Amino acid sequence: MNKLSRRSFLGSSAFLSLASVLGFVPSLYKSRQKKKDMFVHHVYFWLKNPDSAADKAKLIEGLNTLKSIKQIKMAHIGVPANTNRSVIERGYAVSWLLFFDNQQEQDVYQEHPVHLKFVENYSHLWEKVIVYDSVDA
């Protein structure tokens with residue numbers, strides 16, 4: 001009886017694992033299918049007061065308000081990683097990485113009232129901003 005129970009358990013576990021993987025594979029495949037129109041917007045901020053933890057926290061607070069804009073498909077707020085190779089730029093304070101379905105969605109984001117309010121309320125914190133926009137090759 002124990003062998004049968006164990007076998008049933010293992011069989012069920014294997015089935016559930018396979019089902020979850022198979023359920024995941026189509027969504028993984030779908031996410032890997034490139035949309036030719038995908039638009040990536042990556043912004044790097046250098047603070048006027050680079051040693052100010054309060055200014056960094058305030059900028060991050062402001063970036064979090066932008067996440068409410070529905071055109072954004074994915075957003076990531078980052079800080080420099082602790083990596084040290086000659087090709088890595090670590091002088092910025094905060095990065096803001098966004099993914100849009102297409103350039104038109106990004107254009108809507110640029111003119112969105114929440115984005116305009118962010119620039120108005122938080123631009124006093126940064127001395128330099130560099131933006132890298134890209135589309136699928």
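Colleague: What pattern does the protein chain follow, read along the sequence?
Modeller: The pattern is α-β-α-β-β-α-α-β, from four helices and four strands. Helices (H or I, at least four residues) and strands (E, at least two) are DSSP runs, numbered from the N terminus. This is a predicted model, where local features need pLDDT of at least 70 and side-chain atom pairs count only at pLDDT 80 or more, while totals for chains, interfaces and linings use all residues. Residues are numbered from 1 along each chain as its sequence is written, and side-chain values use heavy atoms, with hydrogens and water left out.

Colleague: Is His41 buried or exposed?
Modeller: His41, in strand S1, is buried, with a relative accessible area of 5%. Buried means under 20% relative accessible area, exposed over 50%, and partly exposed in between (1.4 Å probe, protein chains only).

Colleague: On to the helices: at what angle do H3 and H4 pack?
Modeller: The angle is about 50°, and the axes of H3 and H4 (residues 113-122) are 5 Å apart. Axes are lines fitted to C-alpha atoms, for helices over the stretch in contact, and angles run from 0 to 180 degrees between N-to-C directions. H3 and H4 are therefore oblique to each other; angles under 35 degrees count as roughly parallel, over 145 as roughly antiparallel, 65 to 115 as roughly perpendicular and the rest as oblique.

Colleague: Which residues meet there?
Modeller: Tyr109, Gln110 and Glu111 in H3 meet Pro113, His115 and Leu116 in H4, where contact means heavy atoms within 4.5 Å.

Colleague: And Asn102, where is that?
Modeller: Asn102 sits in the loop between strand S3 (94-100) and helix H3 (103-111). At 18% relative accessibility, Asn102 counts as buried. A polar atom of the Asn102 side chain lies 3.1 Å from the backbone nitrogen of Gln104. Leaving aside neighbours within four places in sequence, Asn102 is in contact with Asp37 and Phe39.

Colleague: How much of the protein chain is buried?
Modeller: Buried residues make up 26% of its 137 residues.

Terms used: Polar contact = N/O pair within 3.5 Å; in protein donor to acceptor, adjacent residues only side chain to side chain.
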